[in-house]
Amino acid sequence: MTTPRFVTWEPTVGQSIIDEFKAKPGALLPLLHAIQDRFSYIPEEAIALIASSLKLSRAEVHGVISFYHHFRTKQPGRHVVEVCRAEACQALGSRRLEAHAKSALGVEYHQTTSDYNITLEPVYCLGNCSCGPSVRVGDEVYADMDNQRFDELISSLKTERLEVQ
């Protein structure tokens, strides 16, 4: 399981990412993905830099960010837990799992637990339809998820692994 890295917004790094993409046709979406990949979200400060560099208004950039559910403008928790909401997973019980996840974590979708450990997000297909309901954390997809397995997964995310060297 991959653990996201926390990277503080640095305008010079952000500008170098912008400079890498700004001359390419259709630069906005790949640029937003690159910013979010680097910082785990798109900081408000980045929006003005992006708009200026691409000769767009801040409203246009914000409109694209708010249109696509994948983009976030707030630092997520250490782990982003995505619950599949596609029809196949719903048919296999994802609505019950979704309700359990919200209750167990004490958050709604797009919110982060008070300890900043977990951000809960909906996702609309993980491509694991026959094995649903499915949950993704980082690059790992967990199939046949039920309430007990969800609780075990969350518990494992709260446990820090230490490497002895």
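Among contacts (heavy atoms within 4.5 Å) between residues at least 6 apart in sequence, 63% link residues at least 24 apart in the protein. The model behind this figure is predicted, so to speak for local features a pLDDT of at least 70 is needed, side-chain atom pairs count only at pLDDT 80 or more, and totals for chains, interfaces and linings use all residues. Residues are numbered from 1 along each chain as its sequence is written, and side-chain values use heavy atoms, with hydrogens and water left out.

As for the overall build, the protein has seven helices and five strands, taken as DSSP runs numbered from the N terminus (helices: H or I, at least four residues; strands: E, at least two). Along the sequence they come in the pattern α-α-α-α-β-α-α-β-β-β-β-α. The C-alpha trace spans about 50 × 45 × 25 Å along its principal axes.

Next comes the second largest pocket. A pocket here is an open set of points on a 1 Å grid over the protein atoms alone, where a 1.4 Å probe fits, with protein on both sides within 12 Å along at least five of seven lines; lining residues have an atom within 4 Å of a point. Its lining takes in 19 residues, with Arg72, Thr73, Lys74, His110 and Glu121 nearest the centre. Two or more lining residues come from each of α4 (58–67), β2 (111–112) and β3 (118–123), and α4 gives the most, with three.

Most residues other than glycine have a negative phi, and most peptide bonds are trans. Glycine 132 and proline 133, however, are joined by a cis peptide bond with omega about -5°, and proline 133 belongs to the loop between β3 and β4 (135–137). Lysine 55, in the loop between α3 (44–54) and α4, has a positive phi near 60° and is exposed, at 74% relative accessible area. Aspartate 144 also has a positive phi, near 50°; this residue lies between β5 (140–142) and α7 (147–158), in the loop, and is partly exposed at 45%.

Technical notes
Buried < 20%, exposed > 50% of the residue type's maximum accessible area, 1.4 Å probe, protein only.
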